[in-house]
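Hi everyone, thanks for coming. Let's have a look at the structure together before I walk you through a few of its parts.

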Amino acid sequence: MTSQPATPQQQPHSGPSPHVPSQPPRRTAAVLIASTRASSGEYQDECGPLAADWLYALGFDVVLAEVVPDGPGVGDSLRRMLALEPAVILTSGGTGLSPTDHTPEQTLPLLEREVPGVMEALRAYGCTKTPMAAISRGYAGTAGRTFIVNLPGSPGAVADGLSVLEPIIAHICGQLEGRREH
């Protein structure tokens, strides 16, 4: 398991300018990569930095990023992340049909409410790029005020998933925060 406080190049902050209204606080997020090979150092993970950079650009600070082997470690990592109460947890990897792909099974018991439309949209968009998107078994849902979504494990699939999430992620977080933005 590799843990890192993945915060892309943060700008020094010296407080609000007297001529500029203060910025709202940034939301927090966590990124979990489920990959036995990346966790062992066999290859460099590209999905985690892609997700972290995307989150940062949308106003999230990544408070925890981990790369763990497929299997039960995914559930352990998700529980560590949930303890930090981030607004969003993005996972990548472990959503296929190989014998070690267990991210959905590790995620589902932690969800209080599923959001199946998000996964339907992710798979539908993915299928416009590759028919293999149809076999992604991920979940999207909420645990408390945290939105969790399982993305597939390739950089292309993560980029596609992020493009689906981009127009809705702030609205999802706003609803979980109790805002009624319709």
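Let's start with helix H7, whose buried residues are Ile169, Ile172, Cys173, Gly174 and Leu176. Buried here means under 20% relative accessible area, with exposed over 50% and partly exposed in between, using a 1.4 Å probe and protein chains only. Helices (H or I, at least four residues) and strands (E, at least two) are DSSP runs, numbered from the N terminus. After H7 comes glycine 178, with a positive phi near 95 degrees.

A quick word on the source: this is a predicted model, where local features need pLDDT of at least 70, side-chain atom pairs count only at pLDDT 80 or more, and totals for chains, interfaces and linings use all residues. Residues are numbered from 1 along each chain as its sequence is written, and side-chain values use heavy atoms, leaving out hydrogens and water.

Now to helix H5. Which residues of H5 are buried? They are Val118, Met119, Leu122 and Gly126. Seen down the axis of H5, these fall within an arc of 95 degrees (taken from the directions from the helix axis to the C-beta atoms), so they line one face of the helix. Their cover includes strands S6 (140-143) and S7 (146-151), and helices H6 (155-165) and H7 (169-176).

Strand S6 holds threonine 142, which is buried at a relative accessible area of 5%. Beyond its neighbours within four places in sequence, threonine 142 is in contact (heavy atoms within 4.5 Å) with Leu110, Leu111, Glu112, Arg113 and Leu176. Leu176 is also one of the buried residues of H7, where we began.
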